[in-house]
Structure formats: structure tokens, C-alpha cells
Amino acid sequence: MGARPDAFSTHGASAFMVSYIWENFFRKDSSATDHDRALSENYLFKGLSKSEISFIKSLVHHRVYKAGESIFRQGELGIGMYIIIAGNISFSVEDGSSPDPQKARYITRLSAGDFFGEIALVEQAGRRTATATATSECSLLGFFKPDLAEVIERNPRLAVKILNRLGEVLARRLKETTSRLTEIKQERKDTETPGGN
Amino acid sequence: MAIEQAWRRRNRIQFIAFLCILALTLVGVIVFENLLFAFVVAIMSGFLLAPVVSYIEVRGMRRLTAVLIVYFFLAVLATLVIWAFVPALAEQFNTLRAGLPHYLDALAKLLDSLSENLNSNAGGIIHIDLGDRVRVWLVDRSAAFAASLPEYISTSVTVLLLSPILTFFILKDGQTISRRLLGLVPNSIFELTLSLQSQISAQIGQFIRARLLESVIVSLVVLIGLWIVGFPFPILLALFAGVANLIPYIGPIFGAIPGCIIAFANAGVGAKFLFVIVVYTSAQLIDIFFIIPLVVARIVDLHPLTVIFAVILGSKLLGVLGMLISIPVVAALKVIIVNIYRHLTDDLIEPTLRL
């Protein structure tokens with residue numbers, strides 16, 4: 001498509017228009033391809049056909065967050081999940097034991113391909129259990145309760161597949177939490193028992 | 001982040017274009033009042049037809065195909081209705097127009113006799129002349145109606161031509177338009193806005209469908225009742241009762257007035273007059289005891305005082321149109337207030353406040 005418009009580095013609207021005129025309109029929309037890939041590689045939508053992914057893509061919401069911006073805060077009402085396309089998100093919880101209520105404890109960091117907040121899809125007036133903050137500029141795809149309701153109404157067969165996957169994700173989270181809780185209980189028991197290791 | 005920059009640039013252009021279209025639409029709706037009515041009719045039709053379109057879409061059709069199928073069946077239905085009812089309706093309308101002076105005269109006489117009774121019972125303390133007042137009012141209204149007839153015709157033509165086109169685009173692209181609008185919402189309030197939008201849309205949709213169902217049932221009961229009694233103009237009166245029923249509280253009374261006047265003019269206060277009263281009362285009893293508790297009340301839980309206040313305010317601001325849209329608007333405001341309250345107060349318990 002020829003030279004890029006770097007030579008026309010004038011300011012303001014004219015530069016914007018020149019840049020727009022030189023834009024390669026025939027190039028495949030890379031962000032759309034990214035969304036397709038992010039959705040088809042996500043555990044919740046894995047195994048769906050191209051047309052099904054395309055339908056989900058028409059429902060999800062693309063959001064961009066700058067570094068330091070919070071996606072949601074602990075205690076806020078949550079209505080859905082996010083898939084990370086680009087960037088990193090860190091998670092923290094307010095430390096109840098700390099005298100400073102503002103002091104947050106870092107939990108984990110998620111990056112491209114990961115997803116979070118899926119519990120809010122099935123909870124009634126569920127609150128966010130942690131604060132999610134963008135540590136770099138982030139591009140996310142949001143899939144929320146109203147979108148899930150729309151899938152159920154407009155394509156029930158697809159909704160069953162997604163709900164099945166969602167059930168699997170939640171069951172796995174429950175299993176992991178139960179297993180961790182058992183470990184902690186065992187550790188506590190061991191420390192409390194005299195002569196325990 | 002080159003991908004994100006490209007995405008942002010493309011969206012900037014889309015958003016500017018979208019905002020221009022939105023601004024032009026809003027200016028158009030405000031400047032041309034006829035458009036507002038066409039928009040309200042289109043939105044109501046959109047909410048009414050959306051479940052049918054979704055039902056067809058579930059069967060593997062594209063949304064555009066589903067909308068076109070619905071439009072095809074509506075066209076067939078409209079043709080059948082015109083073929084079956086319009087000749088009878090036109091005949092009833094012409095007969096009613098011919099008999100109108102007789103009915104109005106009967107109404108004035110009824111009011112004269114009422115005034116006489118009231119004045120004689122009041123013992124000369126007050127003097128009321130209802131018949132003359134109504135005659136003056138009717139002359140004034142007739143002059144006002146004749147003056148605004150071109151405006152009514154223009155509104156009707158605009159609504160008839162524009163509403164189906166607007167409804168088509170609401171059904172086909174409504175979700176895309178709403179998604180584009182949501183894309184403009186700042187990140188900090190995005191989830192709250194999406195939640196509000198979906199709740200309001202669901203509630204208004206259910207409310208409109210319930211109210212229209214209510215009107216259709218009232219119309220059918222009045223039509224069957226008047227037909228059994230052998231009363232004139234059953235289709236015309238049933239249609240009027242159904243449309244009037246859309247206005248809460250005063251609508252049913254308003255809808256029964258023409259039937260009662262005609263019954264009184266034809267036979268005075270006799271058996272037929274009572275039969276007509278029974279027909280209208282039965283329709284209202286079915287509405288009050290079956291349709292409202294089973295269908296409407298579950299959808300919009302508003303206090304009766306709020307409903308009355310909203311209807312009065314709606315009539316003051318936008319006339320009959322305001323009375324019709326007052327309840328969905330108040331229901332939407334209630335959803336917004338309750339959600340923002342819940343969002344701000346971190347209230348885990350459902351608010352007990354009943355508006």
C-alpha cells in the first residue's frame with residue numbers, strides 16, 4: 001500500500017485525516033482476529049464452531065484499560081467475566097487483619113489468555129471478592145449476565161455448551177479451594193497438636 | 001500496542017460518526033414532533049415483536065431473515081384484517097358519524113335532566129347547567145379539531161410510514177446500536193450501566209407486552225359482549241375500549257363512555273343500557289381480577305399513588321402520549337434508583353423501599 005504516512009507528521013485534524021486516507025482498508029482487521037482467537041482459545045468457548053464464536057463475538061464487549069486503572073473493586077456488584085487479550089492484571093484483597101483499611105494484599109497476576117470473574121455469571125447480586133487492577137495497558141473482552149441471557153434466549157443449544165463449561169470451571173475452582181482448605185486445616189491441626197511437626 | 005492504537009483510531013471515527021447520527025436523530029425527534037410519536041410506536045412494536053424474531057432465530061435463521069419472515073406474516077395478517085374488518089368498520093364509522101348529532105343531543109338532554117335534579121335537590125344554593133356547558137365545550141372542541149385536522153393527518157401519515165421502517169431497524173440492529181452506545185460508557189461505570197440497561201429493557205419489554213395483551217383481552221370481551229347483546233358499532237367500540245384501556249385507572253371509564261351514551265340515546269335507561277354497563281364492567285372485572293394480578297402486577301411493582309402521580313404528570317407534559325408512556329418511564333426510573341442505591345450503599349439485602 002506504499003509508504004506509511006510518517007512523512008506527513010503535521011499536527012491536528014489534517015494529520016489524522018492523512019493518516020486515515022493512507023490506512024490500508026484491505027488489511028484484515030487484526031483486532032477482530034485477536035478477539036476470535038481469544039474466544040476460541042478460552043476454556044469456556046473451546047470447541048465451539050466458527051459461526052458460534054462469531055455469534056459470541058457479536059455479544060461480548062471490548063474494553064481498554066490504562067495502566068493503574070481498576071477493572072473492578074472488592075465489594076462492588078459484579079455481573080460477569082473478563083478475558084485478557086493483552087496486558088497484565090493484578091489482584092489484591094483488603095487485608096482485614098491490617099489496621100490500615102487501605103492496605104491491600106497482593107494475590108496474583110493474570111496475563112493474556114487468562115480469564116476471571118466468571119463466578120459473577122451465576123451469582124445473584126454477587127460482590128467482587130478482590131480488586132482487579134491493570135498493571136499495563138490492557139485489552140479485555142467482557143462477557144456478562146445479560147449476554148449469557150441473550151445466548152440462552154437466542155441460541156439455547158450453544159447456551160447449554162457454555163453453561164456446561166462454566167459448570168466445569170466452577171467445579172474445578174471448588175475442588176481446588178476444598179483441597180487447599182483441607183491442607184490448611186491439616187497444617188493447623190499439626191501445629192496445634194503437641195509434638196506435631 | 002500497535003493493534004490497540006489501530007483499534008482506537010478506527011473506533012474514534014466510528015464513534016464520531018455514531019455521535020453525529022445520534023445528535024441528528026435527537027434534533028430531528030425534538031424539532032419534528034411527529035417523529036416522537038413514530039419513535040414511541042416503533043419502540044413498542046420492537047419490544048412486542050423481538051421475542052417472535054428471537055423464536056425464529058433459534059431455529060437456525062439469520063436475524064435479518066427472521067425479521068423479514070415476521071414482516072411477511074404481519075403483512076399477510078394486516079391484509080386479512082383489512083379484508084375482514086375494514087368494510088364493516090367503515091360502515092359502522094359512517095353510521096356513527098350520521099347519528100352523531102342525535103347521540104350528542106341525547107347526552108346534552110341527559111346532562112340537562114341531571115342538572116335539574118341536582119339544582120332542585122340543592123334548594124337553590126347552587127345552580128349548575130351541565131347541558132349548556134357540554135354544548136359549549138363540544139362547539140369549542142369541534143373548532144379546535146377542525147383547526148388541527150391537517151396536523152392529525154400529518155402525524156398519522158408519518159407514524160404509518162415511519163414506524164414500520166424504524167421497527168425494522170430496531171429489530172435488526174437494535175442490539176448493535178445499544179452495544180455501540182455502551183462502548184461509549186466509561187470503564188468505571190460500565191458494569192452498572194450494562195446491568196441497568198438490561199433490567200430496564202427487560203422490564204419495559206414485559207410491561208408493553210402485558211399491557212397490549214390486557215387491551216386485546218378487554219377489546220375481545222367488549223366485542224363479544226356487545227355482539228351478544230346486539231348492540232350497534234361493536235367493532236368500533238371494542239377497538240376504542242382496548243386503546244383507552246392502555247391508560248391506567250381513567251382509561252377503562254373513558255373507554256366505556258361512548259357505548260353508554262349510544263345505549264342511552266337509543267333506548268334511555270333501560271334493559272339495553274344495563275346490558276351495556278354489564279359488558280363493560282365484566283371486561284374490567286376480568287382485567288382487574290385475572291389479567292392484572294397474573295400478568296401486569298408481577299412485572300411492574302409500583303405503588304398505586306406513584307402510578308396516579310405519573311399518569312397526571314405524563315398527561316400534563318405530553319398529553320395522551322404522556323399518559324401511555326408514563327408507567328414504563330417511572331418503572332425505568334425505579335430500576336435506576338434502586339440499582340444506584342444498591343451500588344452506592346453496598347447493601348447486600350434487597351431494598352424494601354417500595355416506590
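Colleague: Which strand order does the open sheet of four strands in chain A have?

Modeller: Strands of a sheet pair through backbone hydrogen bonds, either parallel or antiparallel. Here the order of the open sheet in chain A is 2-7-4-5, with antiparallel pairing. Strands (E, at least two residues) and helices (H or I, at least four) are DSSP runs, numbered from the N terminus, and two strands pair if DSSP finds at least two bridges between them. Strand 2 (70-72) and strand 5 (104-110) of chain A stand at the edges with a single partner strand each, so one side of each has no neighbour in the sheet. From one strand to the next, the twist averages 30 degrees (axes are lines fitted to C-alpha atoms, for helices over the stretch in contact, and angles run from 0 to 180 degrees between N-to-C directions).

A word on the source: this is a predicted model, in which local features need pLDDT of at least 70 and side-chain atom pairs count only at pLDDT 80 or more, while totals for chains, interfaces and linings use all residues. Residues are numbered from 1 along each chain as its sequence is written, and chains are lettered from A and ligands numbered from 1 in the order in which they are written.

Colleague: How many bridges join strand 2 of chain A to strand 7 of chain A?

Modeller: Two bridges join them, and the strands run antiparallel. A:Ser70 has A:Thr133 in strand 7 of chain A as its bridge partner. Strand 7 of chain A also pairs with strand 4 (residues 89-94) of chain A, over four bridges; there, A:Ser92 is partnered by A:Thr131.

Colleague: Now a helix. Which residues of helix 4 of chain A are buried?

Modeller: An α-helix has 3.6 residues a turn, so residues three or four places apart point the same way. In helix 4 (residues 145-154) of chain A, the buried ones are A:Lys145, A:Asp147, A:Leu148 and A:Val151. They lie on the same side of the helix because they cover an arc of only 165 degrees around the axis, taken from the directions from the axis to the C-beta atoms.

Notes: A residue is buried if 20 or more other C-beta atoms lie within 10 Å of its own, exposed if 12 or fewer, and partly exposed in between; C-beta atoms are placed from the backbone.
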